[in-house]
Amino acid sequence: MRVAVIGAGIVGVTTAYELAAAGLDVTVFERRPGVATETSFANAGIVAPGYVTPWAAPGMPLKVIGQLFARDAAVRFAGPSALRELPWMWRFLRACRTGVHVTNRTAMQRLAHFSRERMDELAARLGLDYEQRLGYMVLLRTPAELQRARAGLRLLAELGVAHEVLDEAGCRDVEPALSPTARVHAAIRLPNDGVGNCRQFAHLLKNEAQRLGARFNFDADAQRLVAGDRPALRLADGQAPSFDRVVVCAGVESNRLLAPLGLHVPLAPVFGYSLTAPLRTHDGGPDMGPRSALMDERYKVAISRLGQRVRVAGSAELGGRLDQLRRAPLATLYRVLDEWFPGAASMRDVQEWKGARPMLPDGPPLVGASRLPGVWLNLGHGSSGWALSCGSARLVADSMLGRPPPIDAARLAPARLRA
Ligand SMILES: Cc1cc2nc3c(=O)[nH]c(=O)nc-3n(C[C@H](O)[C@H](O)[C@H](O)COP(=O)(O)OP(=O)(O)OC[C@H]3O[C@@H](n4cnc5c(N)ncnc54)[C@H](O)[C@@H]3O)c2cc1C
């Protein structure tokens, strides 16, 4: 079977690998010169299935309103252009109802756990080194923050996710370089979760997919998709190859291909930012950076160690443009790094980045056959695309080959959003 994959972000690369591993004849089309150059480029790298959950949740609308005018708000509206996302916001609001949230959360958690198993399995079998580290710690600054985290703790216990609550001394044992002046009351630590370099993983897995025979065409912009028994692509250079199946993994750009065919996926780009900087070492001694991954619960900012670098990521911005880096969210990232790990990184060499999370209003991605003949979807992974990628890719391969799904994936079917 000849299969085309459109997009070589983390979702497209993992999909190409799983399809090639299943013995299919795979060709990837990516408009950029390499893999993982868009949203998968500099994300926080966190893989913590216990914390993968829809942003649409009971109480979220009030939280967002409460943040609207805060200096370090985790959620922002970038001016009037955010209004174009009003229909998406309406669907988001409706998905905040308790019953809908719980159904979506269960589906995402199931996928996240399966995905991590698959990621670990691939890493072990293929010997992949992608700067992975175990340990994820959610930092709570005050007793009130710990109190608010109690519901989350009950959920972790229900889900059987290994975790512990640490006091200040415990936090400092786990992360000895935390600033002595930073105020930390407690932390929730997930010893089996952690962090890894998503872009690096994408590069390594692309090589493995190529070894299995997959072809990667870069600078290949698929401008049009034709559905049918033999779905075809119209490329920017005028070629129009046809296939037995096409899988759309085009992240936030997916509607450019699907909408002309009458399939409108409710995807919104929810922008986020990251900073990456090399860690300083003093006279060959240990550096003063984090050992693994942390989350500042107050500002919803992640701090992660990737090799000899630190990455700080956060912010959720609706409206605006990808090429407009706004100073306020970046300033929050600098401030959070400075509070927890002052002087740890060489800020002269900092890399600032903005990415667009491909976000569906209700949470889970769309994975599987769409209602268009020959067209499959693997998109809409929002804030957890790295954590969900390996599992989603495996589900695509299994369903294309008619193999029974390894997990209950009914909620991920594109039919959920009439796609
Ligand atoms: C600040 C930030 C922090 C994040 N932190 C985390 C985290 O800690 N953990 C986690 O799991 N997730 C995280 N995410 C989310 C994660 O990065 C995304 O969910 C994931 O990268 C999406 O992958 P993708 O392959 O769907 O999209 P992309 O990586 O954007 O890939 C889509 C690809 O399709 C290509 N493409 C589009 N249209 C066409 C076309 N017509 N023809 C050819 N090619 C095309 C694009 O060029 C692109 O390369 C974060 C995101 C942000 C912004």
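Predicted model: local features only at pLDDT ≥ 70, side-chain atom pairs only at ≥ 80, totals over all residues.
**Around the ligand**

Let us start with the ligand, which is surrounded by 44 residues. The closest are G7, G9, G251, G272 and G385. Several elements give two or more residues to this shell: the helices α1 (10–21), α9 (254–258) and α11 (385–400), together with the strands β12 (268–278) and β16 (351–359).

The domain assignment divides the protein chain into domain 1 (2–40 + 200–267 + 363–417) and domain 2 (59–85 + 133–195 + 269–358).

The C-alpha centres of domain 1 and domain 2 are 30 Å apart. Direct contact between the domains involves 9 residues of domain 1 and 5 residues of domain 2. On the side of domain 1 that touches domain 2, there are 3 nonpolar residues, 6 polar ones and no charged ones.

**Helix α11 and its partners**

Helix α11, one of the elements of the ligand shell, packs against α1 and against α4 (residues 98–126).

| Helix pair | Angle | Axis separation | Contact residues by class |
|---|---|---|---|
| α4 and α11 | about 90 degrees | 7 Å | 8 nonpolar, 4 polar, 2 charged |
| α1 and α11 | roughly 35 degrees | within 8 Å | 9 nonpolar, 5 polar, 2 charged |

With an angle of 65 to 115 degrees counting as roughly perpendicular, α4 and α11 are therefore roughly perpendicular to each other. From α4, the residues that take part are L111, A112, F114, S115, R118, M119 and L122, and they meet A387, L388, S389, C390, G391, S392 and R394 of α11.

Which hand does the crossing of α1 and α11 have, left or right? That crossing is right-handed. In this contact α1 supplies I10, V11, T14, T15, Y17, E18 and L19. The α11 side consists of G385, W386, S389, C390, S392, A393, R394, V396 and A397.

Conventions: Residues numbered from 1 in each chain as written. Near = placed C-beta within 6 Å. Domains from an automatic or database assignment. Contact = placed C-beta atoms within 7 Å. Nonpolar A, V, L, I, M, F, W, Y, C, P; charged D, E, K, R; others polar. Axes fitted to C-alpha atoms, helices over the stretch in contact; angles between N-to-C directions. Parallel < 35°, antiparallel > 145°, perpendicular 65-115°, else oblique. Left-handed = near helix turned anticlockwise from the far one by under 90°.
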